Amino acid sequence: MTAQAILLCLTGLLSTLIFPPVMCSTCPSGFTLIDFDEFSGGVSPLPPFYRGLEWTNAGVVARSYHPTSGYVTALSSGEYVSFNGGGNLMSISVGISSPLEAFSIKSFVIAAAWKNDLQLSMTGWRSEVRVHNQTIILQTKLATDVVLDWRNIDKINFETFGGTNAMLGDDGTHFGMDNLCITTGSEEPQELLYKCDYWGDPQLIQFPKAAGSIASSTWCQITGSSVLYQSSYVLINVVNSGSQRGDIVTSFAMTFYNDDNISLCTLTPSDMTEIPQSCGPDVRISKTGYDLNVAYRKAPFSAWIRYSSWGGGHYKFTLFATLTHINAASTTGMCVNGCRGKRSAPQMIITESTTHKEMVTSSMADKVCDTFMKEATQQFPRNGLVVETTPGYLDAVRQACIIDVTVTGSTQFAEQSVSNVITDILTHKGEINIEDMSDVIKNITHITEQTATEAEIEVETMIENSTLPCKPGCPQSSVLSPTLFIIYNCDLGSSLANCTSHLFADDLAVIVAGQLGIKYSYQCLDLEKRIKLFIDHLEYYSYLIDQPINTNKTQALFTARAIGHPKFDIHFNSGSKEKINWVPEYKYLGYIISSKLVWDKFLTFIMNK
């Protein structure tokens with residue numbers, strides 16, 4: 001049947017398809033038709049408690065009472081339509097006296113009574129939380145068949161405003177409503193969908209094991225092929241390839257199975273660049289650009305795979321499944337059990353190709369991520385939607401974002417975090433059918449692009465007005481560290497008395513020899529005196545150049561024919577006067593040096609490598 005359909009987008013935006021007005025007088029199975037035709041007279045208020053629901057500021061009017069008005073346009077059957085009294089806000093709710101906890105509205109027919117281009121705002125509530133919001137435009141001579149399909153709400157408000165006088169005898173903001181399809185019976189609740197995210201370097205937010213679980217992110221240490229998710233209907237293998245900047249997903253294979261465990265198809269990266277293959281009637285596949293959404297009704301399961309060109313190309317996964325399948329004995333994979341290896345302490349590896357912008361972006365990772373995520377959460381109040389997220393999810397995504405931006409110096413990973421946040425806001429309640437997932441994802445993509453553009457402008461300005469902060473230390477494995485150390489401490493050797501010194505990188509090795517040709521006990525006394533003098537000079541030099549000594553890593557080794565080390569202790573003179581420990585051996589520049597200056601342990605170490 002053709003009709004003017006008003007479709008709800010989760011973004012709060014409107015999609016309107018206009019066709020010739022042909023109105024229906026029946027409701028889908030499970031819904032009750034309310035046509036208001038049991039009333040009599042010209043006009044009267046609707047009873048406060050009607051058809052099991054509480055009606056506020058609602059009335060009924062006969063077509064003959066205002067024969068030239070838009071009430072006649074809204075009439076789809078019989079003689080009566082409902083209207084909003086005084087043109088003011090009208091509401092339908094379960095009410096205090098009602099035994100119902102919720103109801104659902106499928107559709108209704110509506111028209112403006114006196115004004116063209118009359119705006120009608122509809123708001124659905126559940127437990128005093130706004131869960132739906134939509135605004136449409138009404139005309140006096142063209143009826144609108146509104147299809148909401150709002151499920152399990154406990155209140156809906158209808159509020160009108162604006163419009164221009166159609167010269168039909170009045171100028172109020174009234175509307176006429178007929179053929180309301182509604183259900184007040186208890187619906188069988190659908191099992192909720194929960195989410196797993198796997199993206200970036202890679203970052204993992206697992207499926208919850210129970211409703212209300214707190215989300216947390218893990219920075220995985222993983223290369224090669226791994227099972228991301230496996231159930232009786234789905235198997236997803238991912239390949240993480242290591243690079244200088246992380247172990248990104250460079251390939252994947254997603255296989256679907258029927259009830260008999262027979263493979264229906266296997267999707268790979270080629271299905272994202274070419275026309276996707278068919279996997280049968282139960283598997284719905286939609287492709288937008290280089291993004292792929294797959295929904296498998298039978299599981300139920302849905303996967304959203306996105307492609308990014310960063311790092312030579314990699315993939316990001318968002319999976320949806322029910323707790324029943326997540327907690328099934330046969331279900332496994334990283335999305336359920338977590339990743340084997342974990343990493344911490346992110347650091348950017350600076351190479352010759354690293355740009356100044358990347359270094360600044362890396363150093364400001366927390367501010368960059370906060371800017372993108374703030375823009376994501378602020379998109380929804382302006383669209384009339386309530387911002388709710390999975391417990392702990394924002395913190396988990398923020399932590400993952402900071403790690404990836406710190407390591408890469410790229411804002412692309414902050415953009416991916418925006419996608420995560422928006423997806424969670426729109427899907428965390430789980431009240432989405434598998435069949436609707438493709439449409440939801442299109443809305444998420446649209447909002448993400450809009451949000452990322454706004455955030456990128458703000459971050460660009462922030463980076464341009466910033467300078468690369470100066471932090472102590474040098475990049476790991478960089479030649480800069482030993483070069484600067486040797487230049488800055490070139491006079492160190494001449495400042496130390498009674499010893500031979502060796503410098504390498506930021507290490508100092510010193511050889512102090514006792515006097516020869518005297519008794520061993522006198523040699524020890526002389527050696528103790530020389531060592532203490534050396535420490536005095538070293539600490540004085542350290543004070544002058546403002547370079548602290550790492551006392552915790554300082555050790556002493558004694559080599560002589562005698563057994564054991566001398567019977568005296570060595571202490572630093574400043575600070576907390578830490579004691580320098582005697583050790584039987586230590587590793588220096590890859591060599592194992594023992595108190596007897598033999599090579600057996602070093603050779604054994606080399607042979608066992």
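Are cysteine 27 and cysteine 181 buried or exposed? In this predicted model, cysteine 27 is buried, and cysteine 181 is buried too. The two are joined to each other by a disulfide, with an S to S distance of 1.8 Å. The link between cysteine 27 and cysteine 181 is left-handed, with -95° about the S-S bond. Cysteine 27 sits in the loop between β2 (14-17) and β3 (32-34), while cysteine 181 belongs to strand β17 (residues 175-183), so this pair ties together parts that lie 154 residues apart in sequence.

With the bonded cysteines of the chain numbered in sequence order, they pair up as 1-2, 3-7, 4-8, 5-6, 9-10.

Another disulfide runs from cysteine 196 to cysteine 335, S to S 1.9 Å. Here a strand meets a helix: cysteine 196 is in strand β18 (residues 193-199) and cysteine 335 in helix α4 (residues 334-337), so the bond ties together parts 139 residues apart in sequence. The torsion about the S-S bond of cysteine 196 and cysteine 335 is about -80°, which makes the disulfide left-handed. Both cysteine 196 and cysteine 335 are buried.

Then there is the pair of cysteine 369 and cysteine 401, whose sulfur atoms are 2.0 Å apart in a disulfide. Cysteine 369 lies in helix α6 (residues 365-378) and cysteine 401 in helix α7 (residues 393-408), so the parts tied together are 32 residues apart in sequence. With a torsion of about -90° around its S-S bond, the disulfide of cysteine 369 and cysteine 401 is left-handed. Cysteine 369 is buried, as is cysteine 401.

Methods. Residues are numbered from 1 along each chain as its sequence is written. This is a predicted model: local features need pLDDT of at least 70, side-chain atom pairs count only at pLDDT 80 or more; totals for chains, interfaces and linings use all residues. Side-chain values use heavy atoms; hydrogens and water are left out. A disulfide is a pair of cysteine sulfur atoms within 2.5 Å. Helices (H or I, at least four residues) and strands (E, at least two) are DSSP runs, numbered from the N terminus. Buried means under 20% relative accessible area, exposed over 50%, partly exposed in between (1.4 Å probe, protein chains only).
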